[in-house]
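This briefing covers a predicted model.

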Amino acid sequence: MAEESDLEKTEPASERRLEKAREEGNVARSRELTTFVMLGTACAGLWLTAQSLGTSMSGALRRGLHFDRASAFDPSHMLAQTGLMSLQAMTAIGPLFAMMVVAAVLAPMMLGGWLFSTKSAAPNFGKLNPLAGIGRMFSTQSLAELVKALAKSALIGGVAWWVVSRDIEALMALMAQPAQYALPHAMVLVAKHCALIAATLFLVALIDVPFQLWSYYRKLRMSREDVRQEHKESEGDPHIKAAIRRQQQQMARRRMMSEVPKADIVLTNPTHFAVALKYQEGGMGAPRVVAKGTELVAARIRELAKEHKVAILEAPPLARSLYRHTKLGDEIPAGLYTAVAEVLAWVYQLRRWKAEGGEAPRTPTDLPVPAELQYTVDTAAHA
């Protein structure tokens with residue numbers, strides 16, 4: 001069969017397919033959103049720490065440019081000065097660096113959530129295929145990414161040029177200011193320019209995020225055959241399930257038939273229904289149904305009863321009622337106690353007569369079955 005084309009994949013991805021893709025490390029991501037969050041965090045950090053950062057950096061610069069006699073004749077003094085200057089610079093940029101680290105960790109999780117997958121980190125030698133790599137380079141997806149990158153560069157570059165050209169005089173004026181004033185002012189200007197550029201990136205991310213979500217779910221779309229196959233895998237092949245049910249029914253039927261020789265009485269319709277009862281005094285509260293069936297199953301119950309000399313009684317209303325209102329292993333309904341007690345009394349008399357002889361017991365007839373428990377053949381046909 002020919003491979004399915006993308007046009008045939010018209011069904012949305014199922015929950016199972018999405019979970020499987022996530023397990024493999026395949027989730028929707030937007031580089032533009034991450035870039036915007038990183039730049040926005042940098043802008044906010046610069047804006048909040050501009051004054052202190054400028055002051056600290058100017059102090060480190062003065063320390064670095066300071067040169068005295070001790071520094072000239074004692075190398076250890078110069079190393080100590082370098083260490084202090086580095087420590088001062090690291091202390092100054094420490095808060096901004098911490099903010100950037102937090103943003104770098106949280107930004108990718110804004111689209112797709114937290115994900116840790118060992119499958120995506122496993123080596124995939126198929127990616128080393130040069131032919132496949134060349135095919136990806138000249139694919140439609142790569143062309144779209146190239147066009148998007150050029151458009152983004154042109155947009156951000158244009159905005160950056162406009163922003164810098166607006167403040168060119170302020171930037172040039174920094175050269176005429178003392179260092180302790182020029183550096184803080186420079187930090188403020190950098191933060192403002194970054195904020196305007198970040199606003200441009202926000203517009204880019206606003207377009208890219210819906211596109212990435214659409215592209216992600218489009219790649220995971222399924223054909224109708226995929227949906228059917230997944231349903232088979234999750235729910236099980238109907239043919240296999242039917243075969244399992246048949247085997248279970250056969251096993252249950254064999255277990256049921258093994259109880260017939262142990263029964264006290266088999267009540268019949270006489271041909272359509274058969275119900276086997278057993279009662280153990282002291283071990284049961286009431287007689288239990290150990291086997292029941294209709295048609296061929298009922299015939300098999302009667303055959304086993306005859307083979308093992310289990311008493312058989314034709315009692316159509318009682319047999320139908322027991323079949324309808326009980327399950328295997330259930331005790332008989334309270335409304336049938338009187339009728340079944342009369343049947344069991346006949347069974348015990350029949351056993352004593354066969355063992356001791358004498359007058360044969362009278363076969364019970366007209367056994368009382370309450371109207372609410374009656375189950376006629378016509379009712380069975382319409383049930």
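Beyond its neighbours within four places in sequence, Leu277 is in contact with Ala263, Asp264, Ile265, Leu267, Arg288, Val289, Val290, Leu322, Ile332 and Val340. Leu277 is also among the residues with the most contacts inside the largest nonpolar core, a set of 24 residues. The points below take up the cores, then the strands, then the rings.

**Nonpolar cores**

- Besides Leu277, the residues with the most contacts inside the largest core are Ile265, Leu267, Leu313, Leu318 and Leu322.
- At least two residues of this core come from each of strand E1 (265–268), strand E2 (273–278), strand E4 (311–314), helix H13 (316–325) and helix H14 (337–356).
- H14 gives the largest share, with seven residues.
- Another core, of 15 residues, lies apart from this one and includes Ala291, Ile301, Leu304 and Ala305.

**Strand pairing around E2**

- Five of the six residues of E2 are buried, so the strand is mostly covered, buried being under 20% relative accessible area.
- E1 and E2 run antiparallel and are joined by four bridges.
- Val275 in E2 stands opposite Leu267, and its bridge partner in E3 is Lys292.

**Aromatic pairs**

- The model contains four aromatic pairs.
- One of them is formed by Phe36 and Phe202, a tilted pair with 5.3 Å centre to centre and 50° between the planes.
- Phe36 belongs to helix H2 (residues 31–65) and Phe202 to helix H9 (residues 179–219), so this pair ties together parts that are 166 residues apart in sequence.
- Phe36 is partly exposed at 22% relative accessibility, and Phe202 is partly exposed with a relative accessible area of 37%.
- Tyr216 and Tyr217 form an edge-to-face pair, because their ring centres are 5.3 Å apart and their planes are at 70°.
- Within that pair, Tyr216 counts as buried at 10% relative accessibility, whereas Tyr217 counts as partly exposed at 44%.

**Charges over rings**

- Lys292, the bridge partner of Val275, lies over the face of Tyr323 at 4.8 Å from the ring centre.
- The charged end of Arg166 sits over the ring of Trp162, at 5.0 Å from its centre.

Methods:
Residues are numbered from 1 along each chain as its sequence is written. This is a predicted model: local features need pLDDT of at least 70, side-chain atom pairs count only at pLDDT 80 or more; totals for chains, interfaces and linings use all residues. Side-chain values use heavy atoms; hydrogens and water are left out. A nonpolar core is a set of buried Ala, Val, Leu, Ile, Met, Phe, Trp, Tyr and Cys residues joined through side-chain atoms within 4.5 Å. Buried means under 20% relative accessible area, exposed over 50%, partly exposed in between (1.4 Å probe, protein chains only). Contact means heavy atoms within 4.5 Å. Two strands pair if DSSP finds at least two bridges between them. Rings of Phe, Tyr and Trp (its six-membered ring) pair if their centres lie within 6.5 Å; planes under 30 degrees apart count as stacked, over 60 as edge-to-face and the rest as tilted. A charge sits over a ring if NZ of Lys or CZ of Arg is within 6 Å of the ring centre and within 35 degrees of the ring normal.
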